[in-house]
Amino acid sequence: MSKAPLRIAVAIAWLAALLNFFPLAWMLLASFKTEVQAIASPPLFFFRPTLDNYRGIFAQQDYASFALNSIVISLATTLLMLLLAVPAAFAMAFYPGAKTRDLLLWMLSTKMLPAVGVLVPIYLLARDLHLLDTLTALVIVNTLSNLPIAVWMLFTFFRETPKDIIEASRIDGANVLQTIFLVLLPLVLPGIASTSLLSIILCWNEAFWSLNLSAHNAAPLTAFIASFSAPQGLFWARLSAASVLAIAPILVFGWISQRQLVRGLTFGAVK
Amino acid sequence: MRHHAQGMKHAAAGLMLAGGLLLGSSAATTAATITIATVNNSQMVEMQKLSTQWEKETGNKINWVVLEENVLRQRVTTDIATHGGQFDILTIGSYETPIWGKQNWLVSLDGFPASYDMNDVFPSVREALSANGKLYAVPFYAESSFTYYRKDLFDKAGLTMPSQPKYDEVRTFAEKLTDRAHEQYGICLRGKPGWGENMAYLDTLVNTFGGRWFDENWKPQLNTPAWHQAVSFYIDMMHKYGPPGANSNGFNENQALFATGHCAMWIDATSGAGLLYDRKQSQVADKVAFTAAPIAKVPNGAHWFWSWALAIPESSKNVAVAKSFLQWSTSRAYIETVGKTDGWTVVPPGTRKSTYENPQYLKAAPFADFVKNAIMTADLNHPTAEKVPYTGIQYVAIPEFQAIGTTVGQMIAGALTGQMSVDDALKEAQASVAATMQQAGYTQ
């Protein structure tokens, strides 16, 4: 690539990065402003920062409890989802049937159904099983919701693995579980990792089911944010502070694991 | 799609059962723990803070679920309609209370002890929270609507705001006080679509222009001259003298615009006064004044009535404890505690006569008497000049109104942004409301 197009490409990449970063930076700034400063026109870039919003939040809500629920839901969902998705994707990738492709498409099509369309049946099921306001209900619903994406991702990764290796392991006497755990999974570890990371991020950001199926005991950080939006009065600064607290853990997590995530998402892309 | 939904239902059932066995339930409540669903406004936050006193006094415990208003409404409706039993106390409005009361979704609150002094609660507020003669919620605070204006700008321009302004006068004032070069707008009004947003204000405007939502046989009346005049007046005034992007401005946005000095006039909820008079939050605290909501042709329904109230759903398993909390949190003593603890401007307004007899409150809140009169004169049973089969000023107290109001609100917002004409917006609105009313069985 000659220098001019490269410079343009770099400039576009920077512009895109800044556009993505700006709302987050603005939210961070707003979280240290007073309510009047947060709505000032023209907007304030230089001001005396205050920690009042953070103090108010910790006085008003039990942040740790919401954060712990988010962590438990994200990890438990990811674990349960992998337990179901790995065997499903394995069977579809290495032992496809006549309808495997249709099945995959059908699974993906369930993602096109708006969640609110199944709110009442899911709510009634949760009520009858005494699972309202429990982490169990949110883990199950999130697992169901993310399963199609996980199966698709894992199916794609598994398909990139030479079938001969699987057959060779079976000839050498490995059973199905040994083939999956000792042969296949080490080969597709970046794929498993990126699927898991994506699942954790999706669960962390999930709001619809969290707001509808939880009340107090199982409420995660998305419900925490919702509690700071007010029908009357000024609330942008405090809401910004709540949002910073809600996304901080997943941002740090994403930052640490970004290399693994990118590696997994580009796995097999340059074959 | 139906097969997919069915499939999901079956899968969900199986997995929920399996998951339930695997992970167990994390919800564990005792008999003396109640769950309260509420909104995040200053009065409710105050109640949350002070409720530790009630917990100490009674030994009971409260789990708070604080949600954004629309999320709360949807969340609570799902729970109450399915008898989910997630909440022991709900924060609901004067719109939902009679509807839910008639459907036996709420516990009747008649029979409170004499010490509660139910007669101290304004009769009009009690009536708004009753159905079939039974009280279904107790008011936490109540509000009406009036006109805020900047007395410094009026003085500078040599204008005088009357005690009962007419809409023609408001328009003239708005014209004279608009200075777009300095981001000063003559009038700020709600434009964000929604039954509780732009339609709350527009309903009062239509009422005072002599319009109504339905005739006595529930036939929609949106394509009438009164609606045309009211909506055309609103859009013309907003285009000429309103702030840019008004279609995204609701109560909060307009309050922020007024508090930062960008509005000469603002017609909205009386509950906005506390913040505008607060020097810590308002840049115009010493310049704000108020007067009655304007009138166009008739006085009926020119200012609204709203109350946030506390109710107990029928599905609650802790009715006695919940009632005890209701009596404490809406009592005369509670209001006095708030006044002494956090100042008299932040006490829940509009609910009790005794609040308006308290000299400390009257001294701290110059708007107090005006708010009381606005609430007392807001007539929910006669919101329009012509007869109507419904109650409610800025809403129609029927279950279908949330959907109807929001749809019509979106069409009027479309006319405000210039996507369609007023004629087209009202024609579409009329057809849409007529179809909904027919489907719901109100008309043939």
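Strand β8 of chain B, residues 288-292, is largely enclosed by the rest of the structure, because five of its five residues are buried. In this predicted model, β8(B) pairs with strand β6 (residues 138-150) of chain B in the antiparallel sense, over five bridges. Within that pairing, Tyr149(B) has Ala289(B) of β8(B) as its bridge partner.

**Helix α1 of chain A**

- Helix α1(A) runs over residues 3-31, and at 1.5 Å a residue its 29 residues should span 42 Å, which agrees with the 41 Å that separates its end C-alpha atoms.
- A bend of about 35° occurs in α1(A) at Phe21(A), and a proline, Pro23(A), follows within four residues.
- Buried residues of α1(A) include Met27(A), Ala30(A) and Ser31(A).

**Ser196(A) in helix α10 of chain A**

- Ser196(A) belongs to helix α10 of chain A, which covers residues 189-205, and its relative accessibility of 13% places it in the buried class, because that class takes in values under 20%.
- Leaving aside residues up to four places away in sequence, Ser196(A) touches Thr78(A) and Leu82(A).

**Ala259(B) in helix α10 of chain B**

- Ala259(B) lies in helix α10 (residues 251-259) of chain B, and it is buried, with a relative accessible area of 0%.
- When residues up to four places away in sequence are not counted, Ala259(B) touches Leu275(B), Leu276(B), Gln281(B), Ser282(B), Gln283(B) and Val284(B).
- Gly59(B) is 200 residues from Ala259(B) along the chain, and the C-alpha atoms of these two residues are separated by 42 Å.

How values were computed: Residues are numbered from 1 along each chain as its sequence is written. Chains are lettered from A and ligands numbered from 1 in the order in which they are written. This is a predicted model: local features need pLDDT of at least 70, side-chain atom pairs count only at pLDDT 80 or more; totals for chains, interfaces and linings use all residues. Side-chain values use heavy atoms; hydrogens and water are left out. Helices (H or I, at least four residues) and strands (E, at least two) are DSSP runs, numbered from the N terminus. Buried means under 20% relative accessible area, exposed over 50%, partly exposed in between (1.4 Å probe, protein chains only). Contact means heavy atoms within 4.5 Å. Two strands pair if DSSP finds at least two bridges between them. The expected span of a helix is 1.5 Å times one less than its number of residues. The bend at a residue is the angle between axes fitted to the seven residues ending there and the seven starting there.
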